[in-house]
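Dear colleague,

I am passing on a structure that you have not worked with before. Please look it over first, and then read the notes that follow.

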Amino acid sequence: MSVCKVDTPVVADQEGTPTRGGINDLRMGTVDKNFNCETCKSSFADCSGHFGHIELIKPMYHVGFIEVCRKILRCICFNCSKILAPKDGKFKQALKLKNPQKRQNLMFNICKTIKQCKISNRHEVIIRIFYTLFFKRMIPRLITLLT
Ligand SMILES: [Zn+2]
Ligand SMILES: [Zn+2]
């Protein structure tokens, strides 16, 4: 679909000829009556233009899919990447839906109030208990014993 890659900031050379790889590359068509399109060989009046592309430095979310990506990411645990929804009746009901849009919306509605999956929540509780026992009780005792 793309006829050329736009990779140079130079628009035209000193004689005014559009630079290859620049934003006015003749492969994408022209608005100048002195040049013809390099892709379809037509004049500016007959050529409707052709797509070029720019390669970005970093991956980007497609604007058209950003809401879908947000909804999917909202259904996944930040800590362990498992689905946030508990495997109860609502979850099974959502899995039975054939329409992907409705299934995603129902799953999103189930998950939108949950912040952590049960497993990560359990791990956090264990870490908190360990932290409380070790750092708040054992360390002060050790310090008093050593001094
Ligand atoms: Zn053309
Ligand atoms: Zn988790």
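A crossing of two helices is called left-handed if the near helix is turned anticlockwise from the far one by less than a right angle, and right-handed if clockwise. Helices here are DSSP runs (H or I, at least four residues), numbered from the N terminus.

This is a predicted model, in which local features need pLDDT of at least 70 and side-chain atom pairs count only at pLDDT 80 or more, while totals for chains, interfaces and linings use all residues. Residues are numbered from 1 along each chain as its sequence is written, and chains are lettered from A and ligands numbered from 1 in the order in which they are written.

By an automatic or database assignment, the chain divides into domain 1 (1-55) and domain 2 (63-146), whose centres, taken over C-alpha atoms, are 51 Å apart.

Helix H2 (residues 89-96) passes H3 (residues 100-111) in a left-handed crossing. On the H2 side the contact (C-beta atoms, placed from the backbone, within 7 Å) is made by Lys 90, Phe 91 and Ala 94, and on the H3 side by Arg 103, Leu 106, Met 107 and Ile 110.

Ala 94 and Met 107 also belong to the largest nonpolar core, which has six residues, the others being Leu 84, Ala 85, Cys 111 and Cys 117. Such a core is a set of buried Ala, Val, Leu, Ile, Met, Phe, Trp, Tyr and Cys residues joined through C-beta atoms within 7 Å, where buried means 20 or more other C-beta atoms within 10 Å, exposed 12 or fewer, and partly exposed in between.

Lys 92, also placed in H2, is exposed, because 10 other C-beta atoms lie within 10 Å.

With best wishes

Terms used: Helix = DSSP H or I, 4+ residues; strand = E, 2+ residues; numbered from the N terminus. Axes fitted to C-alpha atoms, helices over the stretch in contact; angles between N-to-C directions. Contact = placed C-beta atoms within 7 Å.
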